[in-house]
Amino acid sequence: MEAKLVLLPGDGVGPEVVDQARLVLESIAKRFGHHFIFETCLMGGAAIDATGEALPAATLEACKRSQAVLLGAVGGPKWDDPRAKTRPEMGLLAIRRGLGLYANLRPVRGYTELLGSSPLKPDRVEGVDLLVVRELTGGLYFGKKYREDTPQGVRVVDTLEYYEFEIERIVRLACDIARGRKKKLTSVDKANVLESSRLWRETAVRVAGSYADVALEHQLVDSCAMRLVTAPGSFDVIVTENMFGDILSDEAAVLTGSLGMLPSASLGEGKLGLYEPIHGSAPDIAGKGIANPLGTILSGALLLRHSLGLENEARVIETAVETALARGARTRDLGGERTVSTSGMGEAVLAALG
């Protein structure tokens, strides 16, 4: 297979972890006879400094011409002013909309080798294998927002809005995914308070009704947050709206003991997807060579699976990560008596690939 892949290293530790994922993808290409053509483009704070825009038009066009996009991280103290006209995070919203990416998949696994790194008791985390499916282009993040001066002081408005079709397509995707797993779907909302959540629940019931083999349950977002801590093993696939999914998936990520372990995939109607680790740019450790690249490497595995249809190659990477951990490789965030650098962890995965 020949495929064009766009790399968006971004800011902070982004370039460091993307470098390691690229080396792994190159190794896979060599081993299985593929030809991956890489193009590196600007996004985030680095793009603001160079062009004044968080997502330059040239970057978006390159992404549209590619088969898949691998992103590192964006943001940092230099661009943190919330009043700034252009901020790195605006690039994330723009690329999701520009590429039509409406679904974010965040798999969370309890690795046996890392049970001691989790803040929860080992018996709570062992065997956890869940997937958060988050709606990505609607809700509060994309609704109308403004502020105004009133006699009572400044008034601000953020609008949580959804079209029925937006809810339908994300729930349908979640049902399709659940059908290939344990056939259990948890739909998360706040239907006791929000009108948007009432439409969400009604639509989830209607869509899931055509999936007789998938068991649907409903969970209020606050009780779901509690259940993720008390009984994470009771979940299989969780589907929810944009802001709820943003918060719950970060909570679920901590189950593994480190945000550095978690990959994600943002998908739309076609094969083109955006893949990135869920951790931020970690400016406090940028340039020190100690960031955990496994979330980015595993994002590369998701890229192979969802955009290129290379399931076997994706599993080879995932197995190599497990092997590297089993052999004792640990970056600083994972603890352990002897830790390795960012490149050291990448080398451990490459060695496991054979």
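Let's start with Arg96. Arg96 is buried, yet has no salt bridge. Buried means under 20% relative accessible area, exposed is over 50%, and partly exposed lies in between, with a 1.4 Å probe and protein chains only. A salt bridge is a side-chain nitrogen of Lys or Arg within 4 Å of a carboxyl oxygen of Asp or Glu. For Arg96, the nearest side chain of opposite charge is Glu276, 4.3 Å away. On charge, Lys and Arg count as positive, Asp and Glu as negative, and His and the chain ends are not counted.

Where is Arg96? It lies in helix H4, residues 88-98. Helices (H or I, at least four residues) and strands (E, at least two) are DSSP runs, numbered from the N terminus. Leaving aside neighbours within four places in sequence, Arg96 is in contact with Leu101, Arg134, Leu136, Thr137 and Glu276. Contact means heavy atoms within 4.5 Å.

A word on the model. It is predicted, so local features need pLDDT of at least 70, side-chain atom pairs count only at pLDDT 80 or more, and totals for chains, interfaces and linings use all residues. Residues are numbered from 1 along each chain as its sequence is written, and side-chain values use heavy atoms, leaving out hydrogens and water.

Now the salt bridges. Side chains of opposite charge can pair when their charged atoms come close. How many salt bridges does the structure hold? There are 22.

Take Lys78 and Asp49. Their closest N and O atoms are 2.8 Å apart. The pair links distant parts of the chain, 29 residues apart: Lys78 is in the loop between strand E3 and H4, and Asp49 is in helix H2. Lys78 is exposed, at 60% relative accessible area. Asp49 is partly exposed, at 46%.

Next, Arg181 and Asp236. Here the closest N and O atoms of the salt bridge are 2.9 Å apart. The partners sit 55 residues apart, in two loops: Arg181 between helix H6 and E8, Asp236 between helix H8 and strand E10. Is Asp236 buried or exposed? Asp236 is buried, at 2%. Arg181 is partly exposed, at 28%.

Third, Arg227 and Glu217. Their salt bridge has its closest N and O atoms 3.0 Å apart. Arg227 is in helix H8 and Glu217 in strand E9, 10 residues apart. Arg227 is buried, at 15%, while Glu217 is partly exposed, at 23%.

Lys184 touches several of these residues. Its contacts beyond four places in sequence include Glu217, Arg227 and Asp236. Lys184 lies in strand E8. At 29% relative accessibility, Lys184 is partly exposed.

There is also a network of salt bridges. It links Glu164, Glu168, Arg172 and Arg206.

Last, helix packing. Two packed helices are described by the angle between their axes and the distance between the axes. Axes are lines fitted to C-alpha atoms, for helices over the stretch in contact, and angles run from 0 to 180 degrees between N-to-C directions.

The axes of H1 and H10 come within 8 Å and cross at roughly 45°. H1 and H10 are therefore oblique to each other. Angles under 35 degrees count as roughly parallel, over 145 as roughly antiparallel, 65 to 115 as roughly perpendicular, and the rest as oblique.

H1 also meets H11. Those axes come within 11 Å and cross at roughly 130°. H1 and H11 are therefore oblique too. Among the residues that meet there are Val24 and Phe32 in H1, and Asn312 and Val316 in H11.
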